[in-house]
Each structure stands twice: as C-alpha cells, then as structure tokens.
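Visitor: Could we go through the structure together? I would like to ask about a few local features.
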Amino acid sequence: MHIQSGYLDTVLAGIEKVLVTHLGFVFRAGPSTEQQPFVNTDKVSVMVGMTGDIRGEIILSMDDEVLKSIVSTMCGFRIEIIDDMGWSAFAEFGNWVGAACCSAFNELQLNTNITPPVLHEGKGSLRTSSKFISIPIFASELTIMAHISLGE
C-alpha cells in the first residue's frame, strides 16, 4: 500500500484544522521521511485508524511537555500532571484529528470513518502491514511527529 500524495495533503489539512482552528496554534509541516515498515514513537502517542474508502492509521507522537501543553489548551488552564481527565482529553484530541481528516476526505467524495483512539505511553516501535510516512508538525513552539499509513 502506497500513500498517494493527495491523501497525505488531506491528512495534513485535517491536522492543521485542529491545531489552528480548535487550539489556536501556528501550523507548519516539516519535510517527510521515506516510507518505513514501522515507526518509533516518543513518550506518548495517540493512534486513530481510518476505515472505509481510505484505510490505515494516523499516529501523533510527542513528549510529555507537548502533551501537557495541548491538554492545557483544550482545558483552558495549565495542566501539570496528566491524570484520567488528561488522558481523556488526549483521546479526544485524537478524535478531533480523525474527524477533521474524515471531513476532508468526504469533501473529496471519499467515504471514511475513524476507529476509537488508542493511547500509547512510553517509547515504542509500532508496525502495520503498510508503510508509514513520518512528518514533523510544528504547532507554534511544539513539535508533534505525525506517522501516516493510508491507502485504499
């Protein structure tokens, strides 16, 4: 399975919409790395699967401080420790990104849906049957690694 460049642009548009419209960050995507059969994740990650006309995974990986900043922005007050509410907010962040990507694909007449988000804590290596493209996302001063594996 190979990611079409239009699909990659559509996912980036979905991520940008959430980071800019919902959270008020400045968005910039860095250069993508070649497709890999696995991804190494940072301290925390949220993974959302795509189903329907487009299938695959979107994984957003970041360190603890980036997670705290995103959750703080979502909650409207500074979060120092990620507790159950923080993890719930992080899962909801994954839902927001997945839903924004689905909306962007639906505008292209592609019927898509998302799976419930899966949270991963701790460094790890994730593998699927398809290959990933990894792109650093700069949300104001924060860095999120987006690992994308999509196809029809």
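Visitor: Is serine 45 buried or exposed?
Guide: Serine 45 counts as buried, because its relative accessibility is 2% (buried means under 20% relative accessible area, exposed over 50%, partly exposed in between, with a 1.4 Å probe and protein chains only). This is a predicted model, in which local features need pLDDT of at least 70 and side-chain atom pairs count only at pLDDT 80 or more, while totals for chains, interfaces and linings use all residues. Residues are numbered from 1 along each chain as its sequence is written, and side-chain values use heavy atoms, with hydrogens and water left out.

Visitor: Where is serine 45 placed, and what does its side chain contact?
Guide: Serine 45 is in strand S3 (helices, H or I of at least four residues, and strands, E of at least two, are DSSP runs numbered from the N terminus). Its side chain makes a polar contact of 3.2 Å with the side chain of serine 61. A polar contact is a pair of N or O atoms within 3.5 Å; within protein, one must be able to donate a hydrogen and the other to accept it, and residues adjacent in sequence count only if both atoms are side-chain atoms.

Visitor: Changing topic, how many cavities of 30 Å³ or more are there?
Guide: There is one cavity of 30 Å³ or more, and the largest cavity holds about 30 Å³ of space. On a 1 Å grid over the protein atoms alone, a cavity is a set of points where a 1.4 Å probe fits but cannot get out, and lining residues have an atom within 4 Å of a point. Grid points are joined across faces, edges and corners, and the volume is the space filled by probe spheres set on the points.

Visitor: Which residues line the largest cavity?
Guide: Its lining consists of Val46, Val48, Ile58, Leu60, Gly94, Val97 and Gly98. Strand S3 (44–52), strand S4 (55–62) and helix H3 (84–107) each supply at least two lining residues, with H3 giving the most, at three.

Visitor: What about H3 itself: how many residues does it have?
Guide: H3 has 24 residues and spans 35 Å from its first C-alpha to its last, close to the 34 Å expected at 1.5 Å a residue (1.5 Å times one less than the number of residues). At its start, a side-chain oxygen of aspartate 83 comes within 3.1 Å of the backbone nitrogen of methionine 85.

Visitor: What follows the helix?
Guide: Glutamine 109 lies in the loop between H3 and strand S5 (112–114). Its phi is near 65°, a positive value in a residue other than glycine. With 68% relative accessibility, glutamine 109 counts as exposed.

Visitor: How many aromatic pairs are there?
Guide: There are three aromatic pairs; rings of Phe, Tyr and Trp (its six-membered ring) pair if their centres lie within 6.5 Å, with planes under 30 degrees apart stacked, over 60 edge-to-face and the rest tilted. Tyrosine 7 and phenylalanine 105 have ring centres 5.7 Å apart and planes at 80°, so this pair is edge-to-face.

Visitor: Why does that pair tie together separate parts?
Guide: Tyrosine 7 lies in helix H1 (residues 5–22) and phenylalanine 105 in helix H3, so the pair ties together parts 98 residues apart in sequence. Tyrosine 7 is buried at 6% relative accessibility, and phenylalanine 105 is buried at 0%.

Technical notes: 1 Å grid on protein atoms, 1.4 Å probe; cavity = no way out; pocket = protein on both sides within 12 Å on 5 of 7 lines; lining within 4 Å.
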